[in-house]
Amino acid sequence: MLRRRPGTPTLEEVAALAGVGRGTVSRVINNAAGVKDTTRRAVQRAIAELGYVPNLAARTLAGRRADAVALVMTEPDWRQFGEPFFSEIVRSVGDALTETEVQLLLTLVRTDAERQRLVEYARGGRVDGVMLMSVHATDPLPDMLAEVGLPTVLLGRRSGDESVTYVDADNVGGARAAVSHLLDTGRRAVATITGPPDMYVAQCRLRGYREAMERAGVEPRESWTVRGDFSADSGHRAMAALIERAPEIDGVFAASDTMAAGALGALRAAGRRVPDDVAVIGFDDFPLAQHTDPKLTTVRQPLEEIGHTMVRLLLEEMEEPSTAWRHVIHRTELVLRGSA
């Protein structure tokens, strides 16, 4: 139930080291009355010496639930928190919790020290579960939380072999559909503006671009791929670079709506007409997509459904912890508007 790793200290080992019974250790952990101060200190020393992590599931059964969950944003770049993606997910998660008694806590974790503080906060029973968003490939936080037995759900994945429960969109299929549309409408020099390479979502959208090009028999040039970071500024810079080094491009797939909006600005500044000269497609279908000029053709990922699914999986795990990780991938949809 706890998914403890072999060798992790047990309640019995704490009791043996402190020279008390198992029930006494449990009473100390749950801050129950009737334990002598000297005994309580002995148990606390044993817990610290062994690095014992209390069984959070057992504490829940004992009625010591915090009735709170944390939504943790792990993006190291503070600027990213201003992007629409984060606000849309916070809104959908908050809406999903409205009918429950569970409080939503928002926290930012960017450094090793902040990761450790969150784990210590969580293992102290202050939250019953955690949802993580914007997790990069090498981030150890999901595993750290799993090791202390805390129900955890990821938005997206760190890799194709992710073992922690996650909810994601069909990023490969959505990108493939977008690029295929550009090719089907006669575009042949189709470029892409990617996200950060250490994020699996960016890798998947780049793979979808390449698969669509390959299926159409078009060999993408190296100069047609430029890296962004999902921000509008990076989309503008990437598009300006594409115009300079690959003036022949007639279509662009940007791996987010915000980067696509930035690309539209760069094309306008260069005197390129959209979609006449260059067609542009984004990914997300944020409200932003309907306020660009022209309105943005984009791949819709159902962020409301994704947020609701994250909450559902987390609440189910809190009620009945399971050793089976669950992976849910939502379908995407190409939404046609004026930019393509």
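A residue counts as buried under 20% relative accessible area, as exposed over 50%, and as partly exposed in between, with a 1.4 Å probe and protein chains only. The structure is a predicted model, in which local features need pLDDT of at least 70, side-chain atom pairs count only at pLDDT 80 or more, and totals for chains, interfaces and linings use all residues. Residues are numbered from 1 along each chain as its sequence is written, and side-chain values use heavy atoms, with hydrogens and water left out.

**The chain as a whole**

- The protein chain has 12 helices and 12 strands; these are DSSP runs, numbered from the N terminus, with helices (H or I) of at least four residues and strands (E) of at least two.
- Along the principal axes, the C-alpha atoms of the protein chain fill a box of roughly 80 × 40 × 30 Å.
- Of the 340 residues of the protein chain, 52% count as buried.
- The protein chain exposes about 15500 Å², of which carbon and sulfur atoms supply 48%; accessible areas come from the Shrake-Rupley method with a 1.4 Å probe.
- Among contacts (heavy atoms within 4.5 Å) between residues at least 6 apart in sequence, 72% join residues at least 24 apart.
- The mean positions of the 41 positive and 47 negative charges are 4 Å apart. Lys and Arg count as positive and Asp and Glu as negative, while His and the chain ends are not counted. Each charge is placed at NZ of Lys, CZ of Arg, CG of Asp or CD of Glu.

**The parallel sheet**

- Axes are lines fitted to C-alpha atoms, for helices over the stretch in contact, and angles run from 0 to 180 degrees between N-to-C directions.
- Strand β1 (residues 68–73) runs parallel to strand β3 (residues 129–133), and 5 bridges join them. Within this pair, Ala 70 has Val 130 of β3 as its bridge partner.

**The loop between β3 and α7**

- Ser 134 is found in the loop between β3 and α7. Although not a glycine, Ser 134 has a positive phi of about 65°.
- Ser 134 is buried, because its relative accessible area is 9%.
- Thr 138 also belongs to the loop between β3 and α7 (141–147). The C-alpha atoms of Thr 138 and Val 119 are 17 Å apart in space, and the two residues are 19 apart in sequence.

**The mixed sheet**

- Another 6 strands form an open sheet in the order β7-β6-β8-β9-β10-β12, and its pairing is mixed.
- At its edges are β7 (225–227) and β12 (333–335), each pairing on one side only.
- Neighbouring strands in this sheet are turned against each other by 20° on average, direction ignored.
- Helix α8 (residues 171–184) packs on the sheet and touches β6, β8, β9, β10 and β12; its direction makes about 165° with that of β9.
- Strand β6 (residues 190–194) pairs with β8 in the parallel sense over 4 bridges. Val 190 stands opposite Gly 251 in β8, and Thr 192 stands opposite Phe 253 in β8.
- On strand β8 (residues 251–254), Gly 251 and Phe 253 point one way and Val 252 and Ala 254 the other way, and all are buried.
- The pairing of β8 with strand β9 (residues 279–284) is parallel over 3 bridges, and Phe 253 stands opposite Ile 281 in β9.

- The peptide bond from Val 274 to Pro 275 is cis, with omega near 5°. Pro 275 lies in the loop between α11 (257–269) and β9.
- Asp 285 is in the loop between β9 and β10. Its phi is near 65°, a positive value in a residue other than glycine.
- With a relative accessible area of 16%, Asp 285 is buried.
- Asp 293 and Pro 294 are joined by a cis peptide bond with omega about -5°. Pro 294 is found in the loop between β9 and β10 (297–300).

Conventions: Pairing = 2+ DSSP bridges.
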